[in-house]
Amino acid sequence: MADLTSDFIGIKSPNPFWLASAPPTDKEYNVRRAFEAGWGGVVWKTLGEEGPPVVNVNGPRYGAIHGADRRLLGLNNIELITDRPLEVNLEEMTRVKRDYPDHAVIASVMVPCEEDAWKKILPMIAETGCDGFELNFGCPHGMAERGMGSAVGQVPEYIEMVARWCKEATDLPVIVKLTPNITNVLYPAEAALRGGADAVSLINTINSITSVNLDAMSPEPMIDGKGTHGGYCGPAVKPIAMNMVAEIARNPETAKLPISGIGGITTWRDAAEFMALGAGNVQVCTAVMTYGFKIVQEMITGLSQWMDEKGYESTADFVGMATPNVTDWQYLNLNHITKAVINEDDCIKCGRCYAACEDTSHQAIEMSEDRVFTVKDDECVACNLCVNVCPVEGCITMRTLEPGELDERTGQPVSADYGNWTAHPNNPSAQAAE
Amino acid sequence: MTNSPFSEGIVAGRLATADLADNFADLHPRLDDHEALVAADRCYFCHDAPCMDACPTDIDIPLFIRQISTGTPEAAATTIFSQNILGGMCARVCPTETLCEEVCVREAAEGKPVEIGRLQRYATDVLMERGVHPFVRAPETGKKIAVVGAGPAGLSCAHRLAMSGHDVTVFDGKAKAGGLNEFGIASYKSVDGFAAREVDWLLQIGGITIETGKTLGNDVTLDGLRAEYDAVFLGVGLGGVNAMGVDGEDKDGVLDAVDFISDLRQASDLSDVAIGRDVVVIGGGMTAVDAAVQAKLLGALNVSLVYRRGTERMNASVFEQNLATSKGVRIITNASPKAMIGNGAVREIEFEYTDNDLKPTGQTVRLAADQVFKAIGQSLDGNDLPDLEGGKIAVDDTGRTSIGGVWAGGDCATGGDDLTVTAVAEGRDAAEDIHATLSA
Ligand SMILES: Cc1cc2nc3c(=O)[nH]c(=O)nc-3n(C[C@H](O)[C@H](O)[C@H](O)COP(=O)(O)OP(=O)(O)OC[C@H]3O[C@@H](n4cnc5c(N)ncnc54)[C@H](O)[C@@H]3O)c2cc1C
Ligand SMILES: Cc1cc2nc3c(=O)[nH]c(=O)nc-3n(C[C@H](O)[C@H](O)[C@H](O)COP(=O)(O)O)c2cc1C
Ligand code: SF4
Ligand code: SF4
Ligand code: SF4
């Protein structure tokens, strides 16, 4: 059976599934139960400075986007860092780490952008026996207004500076948590690397307004008639997070920088996808906030089964395996030609593929009087839209044409050669083939 | 309670009032808001949706379901009513399993269609409970139209005509409007006086006068109506019942199922409705099932529904047949009635087994029966009518009859199944044709 134990920048855990810094990791009670349920590690809810803790709003904190059957697809929050006193958190972390020495306990930290502040707090926290630090440069609301969180994370120079202070202040591993609220994730990632960070984790939440109350004319969640942008997370953000992970993993400068993948991870498959793109482990928040700690059991069994099926013995065997296949558009093979094929036996005749292709794509699907749907190969550009709108999984597939086969749309035989845009005749800056 | 299911003869009060109330409660209660959202979620918003094609009134089903799922059931109801003004009743009585839901793509996908009927009920109830009537009349045209019959066909026709600005007078021989909605549909499909409430709601459009107790052939004549009105629509339904032609049919205790149902529907107290201990219903359609089920629900000890061919030939859908058996009705097939036996009152019926082509086998069987309901079909009643075809008023696609200026629709006319929804569609379409003719 596959070995799920994980070693992320020297931090060991029974499996690569950590809970991200957020309400699930806000206190001892939660974390103990999370470890009992099977989670491999936690990043404790972000700690702030000593003294009176931050306060949260006393109205609703969350907004949501739902899919069919009221499945939670996206969550947005206006919560701040921990609102419990530092001493209490430290005592609890100490007890938890003592009782769960084999599990990872990471301290997430956010203090003002001053050298003293960081250098004072890290050693204090290290007393708990924690395994490392995560610098929260991500929180996009509230804390950012006070010059912390994403206010730091959006300025690469600050990231580098704070990371360096932290590395000077501790021997423990330092992870920099990145905000996605930037133009290009490579700048903050490179800055973290320059500052000496051992790893980056991403993504934190995305600036968002999830809904507007049309009676009160205010964003939700609404507090006494007003709302503010909150941080978006959950399944809806997974594609954005995965792209950022892949960009860092395939960028030569940062290719060796370890990544802890975060953003919308809900199932073992999501985790495997992040890891295939280059994340050494993953962190989860919204999925446990939706379903509870127990989902990790499915993640453990699912990942093990898949690894066994594929013959991977440890997670390191597949981490980053998909990275080399992430490329630029210009290198995609334009001679690779596919056509949609509708399996009439599986088709339930809803006509969605027809509406999609006819109204918005290439008029490549024919609908007969008795509702038989067929693809017109001479019109199909293989865009895949029909596949995506069909409610029956696997009913429409894309068939790859063999080299030499006729593409009825262009009237040309399919070339066996790889040919991309850089050498395409329509490309004004194409290099003439030698 | 002095009587019980075991009491001999035809007696009232076999069950306690509370049990009767339970038995005659809504068959499919209205979905609550959450259930409606979950049910609406399942609709795929099909292109050129098959369900729409299967609806005799062509309701835009994907659109109204989408309107429910986006939190606007009132808009959904308007979508429904714009095609079918009796969408509330149809939501309750349509055999959806043989109409829209039969062809729903999710029936093909999972054997579990989108619950179109119940969603329709949800949306229409929401709007009707607000007392809102979503349509307004066009400016008055000054044209007068007579509608005969205040059943689904007549009401649908009248509403559409009134909406177009015409003045409509509806004549009905009965004391109450509604037709079989009021006097025929099974009680558990239309509870709490819904049929009457629906008529009141429909009349909010204005421009419609209902004259009850006015029978065509007695109180008014077709020629008289033609002379006085710009157009006439006949929606008189099938008032007659087919005779069985069996010995002893005139014995006490042998009744027409439609009369029994009508009395039941009009009873103010179900514990006053008398029912036999051993009830036999003869027939295989919706009326037979309704009579049998309601007899059982009233507390009859044994109820048998006897049909002369096999179940697959029964007009009642599989859903209806299952409903009957689930309520304890015994369905006996391939048995034709031969004789009602008894001294004055019926005591037994003799049947002969017959195959699906009604070929006699010579084998007979007797069933105990102190009450027999005949449900072997209704027929058109009356003489002052346009030309008939196959026992019904001959009409073309737009409801025109053999007499100029006279349209017909619903059960009394040719074309379509004898269903509430079909009657609504035919009444509406005739109204459109009358309007077009009068505006030409
Ligand atoms: C017991 C029973 C159960 C049924 N259950 C269902 C069901 O569950 N679902 C379904 O879809 N369909 C059902 N049907 C069929 C449905 O009720 C009819 O198809 C529908 O009512 C036909 O509407 P209509 O307007 O044509 O006729 P009717 O509803 O019969 O209305 C005709 C009206 O005309 C009046 N009238 C008749 N003659 C005259 C005259 N000479 N002068 C003036 N007025 C006259 C009558 O009093 C009546 O009000 C059932 C029928 C029966 C008998
Ligand atoms: C209510 C809430 C509070 C959060 N608080 C913190 C926090 O204190 N520190 C932090 O680094 N990230 C915080 N996050 C961000 C999460 O750790 C995580 O990066 C993000 O939710 C994306 O992962 P997910 O899609 O699995 O939820 C919070 C998220 C939520 C929903
Ligand atoms: S792949 Fe695109 S073009 Fe081809 S049939 Fe499907 S939707 Fe139409
Ligand atoms: S979308 Fe899929 S199920 Fe629907 S008609 Fe097209 S192929 Fe058939
Ligand atoms: S066939 Fe079913 S899924 Fe399709 S539109 Fe109609 S109700 Fe919706």
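Buried denotes a relative accessible area under 20%, exposed over 50%, and partly exposed the range in between, computed with a 1.4 Å probe and protein chains only. The model in the viewer is predicted, so local features are reported only at pLDDT of at least 70 and side-chain atom pairs only at pLDDT 80 or more, whereas totals for chains, interfaces and linings use all residues. Residues are numbered from 1 along each chain as its sequence is written, chains are lettered from A and ligands numbered from 1 in the order in which they are written, and side-chain values use heavy atoms, with hydrogens and water left out.

**Chain A as a whole**

Along the principal axes, the C-alpha atoms of chain A fill a box of roughly 75 × 60 × 50 Å. Of the 434 residues in chain A, 50% are buried.

Next, select A:I209, A:V212, A:L214 and A:M217, which make a nonpolar surface patch of about 450 Å². Patches consist of residues with over 30% relative accessible area and no salt bridge; nonpolar side chains (Val, Leu, Ile, Met, Phe, Trp, Tyr) are joined within 5 Å, like charges within 9 Å. Accessible areas come from the Shrake-Rupley method with a 1.4 Å probe, and for residues only the protein chains shown count as cover. Move on to A:D215, in the loop between β12 (211-213) and β13 (218-220). A:D215 has a relative accessible area of 78% and is therefore exposed.

**A negative patch**

Select A:E344, A:D345, A:D346, A:E369 and A:D370, which form a negative surface patch. Asp and Glu count as negative and Lys and Arg as positive, while His and the chain ends are not counted. Each charge is placed at NZ of Lys, CZ of Arg, CG of Asp or CD of Glu. Zoom in on A:D370, in the loop between β18 (365-367) and β19 (373-375) of chain A; A:D370 is exposed, at 53% relative accessibility.

**Salt bridges**

Over all chains, the structure holds 45 salt bridges, each a side-chain nitrogen of Lys or Arg within 4 Å of a carboxyl oxygen of Asp or Glu. In chain A, show the side chains of A:K12 and A:D7, which meet in one at 3.6 Å, N to O; A:K12 is exposed at 54%. In chain B, B:R428 and B:D429 are bridged at 2.9 Å, N to O. B:R428 is buried at 9% relative accessibility, and B:D429 is partly exposed at 31%. Returning to chain A, select A:E28, A:R32, A:R95, A:R98 and A:D99, joined into one network by salt bridges that share partners.

**A buried helix position in chain B**

Finally, select B:Q294 in helix α15 (residues 286-297) of chain B. B:Q294 is buried, with a relative accessible area of 0%. Its C-alpha atom is separated by 8.7 Å from that of B:Y188, 106 residues apart along the chain.

Terms used. Helices (H or I, at least four residues) and strands (E, at least two) are DSSP runs, numbered from the N terminus.
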